[in-house]
Amino acid sequence: MPDSILARARPLMAARLAGAALTFAVPLVLARVLVPASYGTFKQAWLVSQTLALVLPLGLTQSLYYFVPRDPSRRDRYVAQTAWALLAVGAAAALLLLLARPWVAAHFDNPELTRNLPWVAAFTAFTVAGAPLDVAWNATGRIGAAALARVATEGGRGAAMVAGALLWRSVEGVFAGIALATAVRAALSLWLLARRHGLRGDLALLRRQVAYALPFGLAFVLIVPQQQWHQYAVAAAVSAAAFAVYSVGTFQLPVVDVLYTPVSELLQIGLAEHEGAGRPPRAGLALFHEAVLQLSFAFVPLAGLLAVAAPVLVPFLFSPRYAAAVPIFRLATGSVLLAALPLDGVMRARAQNRFMLALSAAKLGATAALVAGGLALLGPIGALGGWILAEAAARAAMLARTAALFEAPLRQALPVRALARQVGATAVAAPAAWVALNALGAPPFFRLAACGLAFAAAYLGVSWAFGWLPAGWVGLFRARRAARAPAAPPESA
């Protein structure tokens, strides 16, 4: 019996969890060490850098998940040419950012950000150049090595940022730390990939890779700005200090990325393996349902717990001066629920390039209108609400497309009954968590601990009592051993 998605994702989840543990302190330290205006400058610089780092590679890095499992005999060529391409793209990203100085100055109206733009250009270039390492290792089956690379990257970058903040007590020190850490990652990435896969690409293969990646890359030109539109809109409308409050409100706990990305990536690989084995499209629906249930079992209760604990959690993590971010933080938990649907993994695995491009264009237009309207009516929280509405509508369209790809009725695209059970268990657990949070006149840490324990006990208790625990979670640490056990002999007739 093959491992479940959750079992195969264990090394990646462990790596992301370790990286999250190492870097979780970064925004908390920066929010305390820097004044709100400088912390807002850091968040603005990070926003611009991440936009370029996600958009400019045009899907080349992620295309390795498509080509390497399907064409293992030429995987070295795919990896080598991706590494060289990303090195060139990184240099282009730095140049573009330096040339965009007038736009940055006009849009953000923040002299501190404009003054530090060379630092932002440097760590943006190094981030792009170092991107292929763990993706290439993961696509070639070296999941353990990819996990270690992830831990080292997150840990090194987080440590460098904290060290820069504590030593210089300024945003310049933070930027210098990021630049140093990302430069080391980029150099090691190129060296390690060249050592294992060589330096030779293939022009014909590169054209094929670009032909696959370009529609997804063009979609990312629309997707990434759409995802970040509300942040750019708020950053342009308020001061850097007020943007710092908004950034705290939209802060996501690292546990979302710890679980979502590995499951989504392995869903892509699993669907590719199904297709390579000649299985019918409907066979992939069970794999998708499994991925949804593994994610929703964590994300549905997480959203409920965060909404309950927000009034104590936000001041505890970021200091009481950011208490105004609580309503924004509560609304932002809606995006955690959307992360329970790994629909982008299905789109990539089934090469839905043109559909994603068209959907991205429509979603960008809807986001621009809804964010602008929400910002005008309700301020920053309205901008966030408009973005969530647009994101939910796009997820609904992707879900309909997923059902068609699996040749299944729309009503069967999701495991609706199992999801309803998780929502019911969350509804039972939320009042218990609220009572535990507010019944004790204790310091915030103990109130939060009591809240979390009460919620977990109620949620897991209800799920266990009614048999609602997903199989992948019940057997998380024994699935691989069970898979390796010798098969029982067939029963005689």
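## Salt bridges

Glu391 and Lys363 form a salt bridge, with their closest N and O atoms 3.6 Å apart. A salt bridge here is a side-chain nitrogen of Lys or Arg within 4 Å of a carboxyl oxygen of Asp or Glu. Glu391 sits in helix α20 and Lys363 in helix α19 (residues 353–378), so the pair ties together parts 28 residues apart in sequence. Helices are DSSP runs (H or I, at least four residues), numbered from the N terminus. This is a predicted model: local features need pLDDT of at least 70, side-chain atom pairs count only at pLDDT 80 or more, and totals for chains, interfaces and linings use all residues. Residues are numbered from 1 along each chain as its sequence is written, and side-chain values use heavy atoms, leaving out hydrogens and water.

Glu391 also meets Arg395 in a salt bridge (4.0 Å, N to O). Arg395 and Glu391 are four residues apart in helix α20, about one helical turn. Shared partners join Lys363, Glu391 and Arg395 into one network. Glu391 is buried, at 7% relative accessible area. Buried means under 20%, exposed over 50%, and partly exposed in between (1.4 Å probe, protein chains only). Lys363 is buried too, at 9%. Arg395 is likewise buried.

The count of salt bridges comes to six. Another of them joins Arg115 and Glu172, with the closest N and O atoms 3.4 Å apart. Arg115 lies in helix α8 (residues 111–115) and Glu172 in helix α12, 57 residues apart. Glu172 is partly exposed, at 26% relative accessibility.

## Aromatic pairs

The whole structure holds 19 aromatic pairs. Rings of Phe, Tyr and Trp (its six-membered ring) pair if their centres lie within 6.5 Å; planes under 30 degrees apart are stacked, over 60 edge-to-face, and the rest tilted. Among the pairs is Phe123 with Phe175, tilted, at 5.9 Å centre to centre and 40 degrees between the planes. Phe123 belongs to helix α9 (residues 117–129) and Phe175 to helix α12 (residues 171–197), 52 residues apart. Phe123 is buried at 0% relative accessibility. Phe175 is also buried, at 0%.

Phe288 and Phe406 form a pair with centres 6.1 Å apart and planes at 40 degrees, so this pair is tilted. Phe288 is buried at 0% relative accessibility. Phe406 is buried at 0% as well. Elsewhere, ring pairs link Tyr39, Phe42, Trp46, Phe123, Phe175 and Tyr322 into a cluster.

## Nonpolar core

The largest nonpolar core has 138 residues. Such a core is a set of buried Ala, Val, Leu, Ile, Met, Phe, Trp, Tyr and Cys residues joined through side-chain atoms within 4.5 Å. Helix α16 gives the largest share, 19 residues. Those with the most contacts inside the core are Leu30, Tyr39, Phe42, Phe288, Phe299 and Phe318.

Beyond its neighbours within four places in sequence, Phe318 is in contact with Pro27, Leu28, Ala31, Arg32, Tyr39, Val248 and Phe251. Contact means heavy atoms within 4.5 Å.

## Surface patch

Leu58, Val210, Leu214, Leu218 and Val221 make a nonpolar surface patch of about 320 Å². Patch residues have over 30% relative accessible area and no salt bridge; nonpolar side chains (Val, Leu, Ile, Met, Phe, Trp, Tyr) are joined within 5 Å, like charges within 9 Å. Areas come from the Shrake-Rupley method with a 1.4 Å probe. Leu218 lies in helix α13 (residues 203–237). Leu218 is partly exposed, at 37% relative accessibility.

Methods: Helices (H or I, at least four residues) and strands (E, at least two) are DSSP runs, numbered from the N terminus.
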